[in-house]
Every structure is written in C-alpha cells, then in structure tokens.
Amino acid sequence: MKIIFFSIMFFCGIWVFSSNRKHLLVTLLSLEFIVLILFLMLYTYLNSFNYELFFSMVFLTFSVCEGALGLSILVSMIRSYGNDYFQSYVMLQC
C-alpha cells in the first residue's frame, strides 16, 4: 500500500517538474519534493529490512547540498536579471 502512495507522489512531482517551466523557484520546489519522496521510500525500504539507516543520512546530506546549490543559482539569477522567469532572458544570446 505504501509503494502505491509513494509512486503516485513521485509521479506527481515528475509531472509538476515537467509541466511548469516558467519559474525557476517552482522547478526547484518540485525537485525538492521528488528528493523528499525518494528519501521516504529509501527510509521505509531500509526500515522494513532492519538495515542500518546510515545511508539515509548520507542521502539527506547530498540532498541538502543540492538544495543549497539550487538556491544559490536562484539568488544569482534574481540579482542578475531581477526575476526568475525563464522567458525574460536569453541564455544562448551571443
């Protein structure tokens, strides 16, 4: 029953990530949602077999680093362009 719930939540996160591409903040939030669901899946999997949960702490460490990197890119884009719209600036302009 849990795997069905986690699968639905994971695919909802994938759907939001792939459908909404206007704002960088929404994209980053959907990526963090996907990472949180993956962490919950990993935790329940490791907990059901009575494995050590050290790997889940390593996973959380990497996900925090990913979130900090995404926020630093967001702050850099807002300082450079004034907003987080993807259409307001052209990255491939020479």
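Tutor: A residue is called buried under 20% relative accessible area, exposed over 50% and partly exposed in between, with a 1.4 Å probe and protein chains only. This is a predicted model, in which local features need pLDDT of at least 70 and side-chain atom pairs count only at pLDDT 80 or more, whereas totals for chains, interfaces and linings use all residues. Residues are numbered from 1 along each chain as its sequence is written, and side-chain values use heavy atoms, with hydrogens and water left out.

Student: Is Asn50 buried or exposed?

Tutor: Asn50 lies in the loop between H2 and H3, where helices (H or I, at least four residues) and strands (E, at least two) are DSSP runs numbered from the N terminus. Asn50 has a positive phi of about 55° although it is not a glycine. Because its relative accessible area is 69%, Asn50 is classed as exposed.

Student: Why does Ser30 count as buried, and which residues does Ser30 touch beyond four places away in sequence?

Tutor: Ser30 belongs to helix H2, which covers residues 24-48. Ser30 counts as buried because its relative accessibility is 5%. With contact meaning heavy atoms within 4.5 Å, and with residues up to four places away in sequence left aside, the partners of Ser30 are Gly13, Val16 and Phe17.

Student: What is the relative accessibility of Leu31, and which residues does Leu31 touch beyond four places away in sequence?

Tutor: Leu31 is likewise placed in helix H2, and it counts as partly exposed because its relative accessibility is 28%. The C-alpha atoms of Leu31 and Phe5, 26 residues apart in sequence, are 18 Å apart in space. Not counting residues up to four places away in sequence, Leu31 touches Phe17 and Glu66.

Student: How far apart in space are Gly70 and Glu32, C-alpha to C-alpha?

Tutor: Gly70 is part of helix H3, residues 54-81, and with a relative accessibility of 10% it counts as buried. Along the sequence Gly70 and Glu32 are 38 residues apart, while in space their C-alpha atoms are separated by 9.7 Å.

Student: Which residue lies 64 residues from Phe86 along the chain with a C-alpha separation of 5.7 Å?

Tutor: Phe86 is found in the segment after H3 and counts as partly exposed at 29% relative accessibility. Leaving out residues up to four places away in sequence, its contacts are Arg21, Lys22, His23, Leu24, Thr27 and Met77. The residue whose C-alpha atom is 5.7 Å from that of Phe86, across 64 residues of chain, is Lys22.

Student: Where does UniProt place the feature "transmembrane region"?

Tutor: In the model, residues 28-46 are 100% helix and 0% strand, with end C-alpha atoms 27 Å apart. Residues 53-78 are 96% helix and 0% strand, and the end C-alpha atoms lie 38 Å apart. UniProt positions are given in the numbering used here, with shortened feature names, and annotations may be inferred rather than shown by experiment. The unreviewed UniProt entry places the feature at residues 28-46 and 53-78.

Student: How many disulfides does a search of the whole structure find?

Tutor: Cys12 counts as partly exposed at 38% relative accessibility, and Cys65 is also partly exposed, with a relative accessible area of 48%. With a disulfide taken as a pair of cysteine sulfur atoms within 2.5 Å, the number found in the whole structure is zero.
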